Amino acid sequence: MSTTAASAAADLGELVDASHVLVCCGTGGVGKTTTAAALAVEAARRGRRVVVITIDPARRLADTLGLAGAGDHVVDRRLWDPESVAPETGRLTALMLDTSETFDGLVARYAKSEEQRDRILANRFYRNLAGALSGTQEYMAMERLHELHETGDHDLIVVDTPPSRHALDFLDAPQRLIRLLDNRVFRVMMAPARGAMRIATAALHTFVRQVGRVVGTGVVDDIISFFRAFDGMEEGFRARADAVRTLLAEDSTAFVLVTSPRRDSIDEAIYFAEQIATHGLTIDGLVANRVHPEFADPTDGPRLRARAAELRATGDTGEPDADAARRRLADRYETVADLADLAARERTVLAEVAAHMGTRAVYVPFLDHDVHDLRALHEVGRHLVG
Ligand SMILES: Nc1ncnc2c1ncn2[C@@H]1O[C@H](COP(=O)(O)OP(=O)(O)O)[C@@H](O)[C@H]1O
Ligand SMILES: [Mg+2]
C-alpha cells in the first residue's frame, strides 16, 4: 500500500479479504512460497476468486497444486475445501512462473508485425540478451501480475517473489528494461542523420567503428539492428512498466514481509522494509515464520524454573531410583523453561520490529512436518489469518 494509506492494516485476515494484490516478499528460504500459497488457500476458503503466482515451489507442493506445466490451473475445490464449508464463490487458481519460454513470447505478443518479430528473434544480440532477460524472474513475475490483473478474472492475486540477491529487484525490473531501451547511445544511432545530429551521429559512428575493432563489427551491427528492430515496441513495454508501478502503489495492493526469527533474517527484513519505504510503499504485514511454539502463559518460564529449583531443593530420600528420577524431572522442567523463554524472547523482538515498521507480527510456529499438502497449507493459513 502507498504510505498515504498507512492504516497499519496488520490483520492478515483483513488483507486477505480486502486486497486485490498481495505481494509476499523477504529473503530466500524464509517461507515466502509457503506463505503465498497458504494465504491464497485461506482467501479461496473465504469465498474469493484467487490466483497465486508461485516461484520455485518445492516439488511436492507443486504436485499438490497441480503445477505440472506452464499456464494457470484451477485447483480442485475438494482439495482446499474438503469439508465443503467455503462459499460457492471461492476459487483457487495456481500457476508456476516459467521463466524459460516467456521473453520470446513477449516479443511475439508485442511485435507490430510478424516481420518485426522474426527480425528480433533471429538477432544474435537479442538471443544473448533474451538469455539474460529470461533469467530475470523478477521481470516475469511482474509481467504475469500485470497480465492477470488485466484479465479481471480474479478478486485477489497473490504474488510470490523470487529469491533474489537484491530484495527489491522485482520492483525495479520493468524499469530496468525500459532504461536499457532508452539508452541514449542507441537512440542516437537509430535516429535518422539530420542537421546537427549528423555530426553527432558521424562522431558516434567513428566511436562505434573503434569499438567494433575491439569486440568485432558483427557484434556492433547486431546491437544496432536489434535496437532498430525493436523500434516502436518499447512503447508497449514502457506502458506496462508504468501500469505495474501504478498497480503496486494502489491502496488495494499489500506487501507482506516474511521473516524467520533468526537475527540475520530479521536484519534483512528491516533492511527490506527500509528499501520498500524508499519506493514510497509500506509493509502491511509481518509474518514471523518458524517461531518456537508459544506456551500457555508467557510467565511459564519463571514458573517452570521455580518448580525445577523446588525439586532440586528436596533432600535425597535415600531411594536412588526415586532421587535420580526427581533430578531428571528437574532437568526437564528447566529445558521446557528455556524453550518458553526463547519463544517469549522471539516474540518480544519480532513485535518490536513489526511496530517499527508500523504493523503487527503474525506468528507461524515451526511445524514438525514440511508444508507440502493442502491440509498443511490450511494449518499455516489458520495461524496467518487467525
Ligand atoms: N512453519 C513451517 N514449519 C515447517 N516447515 C516449513 C514452515 N514454513 C515453511 N516450511 C518448509 O520450508 C521449506 C522452504 O519454504 P518455502 O516457502 O519454499 O521458502 P521460500 O519460498 O522463502 O524459499 C519448504 O519445504 C516448506 O515446506
Ligand atoms: Mg520460494
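Which residues does Val159 touch, not counting residues up to four places away in sequence? They are Val21, Leu22, Val23, Cys24, Ile53, Ala141 and Leu145 (touching, or being in contact, means C-beta atoms, placed from the backbone, lie within 7 Å).

## Before we go on

This is a predicted model, where local features need pLDDT of at least 70, side-chain atom pairs count only at pLDDT 80 or more, and totals for chains, interfaces and linings use all residues. Residues are numbered from 1 along each chain as its sequence is written, while chains are lettered from A and ligands numbered from 1 in the order in which they are written.

## The nonpolar core

Val159 is also one of the residues that touch the most other members of the largest nonpolar core, which has 79 residues. A nonpolar core is a set of buried Ala, Val, Leu, Ile, Met, Phe, Trp, Tyr and Cys residues joined through C-beta atoms within 7 Å; buried means 20 or more other C-beta atoms lie within 10 Å of a residue's own.

Helix 2 (residues 32-45) hands over the largest share, 8 residues (helices are DSSP runs of H or I, at least four residues, and strands are runs of E, at least two, numbered from the N terminus). Domain 1 (3-292 + 366-385) and domain 2 (300-347) both give residues, so this core lies between them; the bounds come from an automatic or database domain assignment.

## The sheet

There's also an open sheet of 8 strands, ordered 3-4-2-5-1-6-7-8, with mixed pairing (strands pair if DSSP finds at least two bridges between them). Strand 2 (residues 49-54) and strand 4 (residues 91-96) run parallel, joined by 6 bridges.

Key. Buried ≥ 20, exposed ≤ 12 C-beta atoms within 10 Å, placed from the backbone. Contact = placed C-beta atoms within 7 Å.
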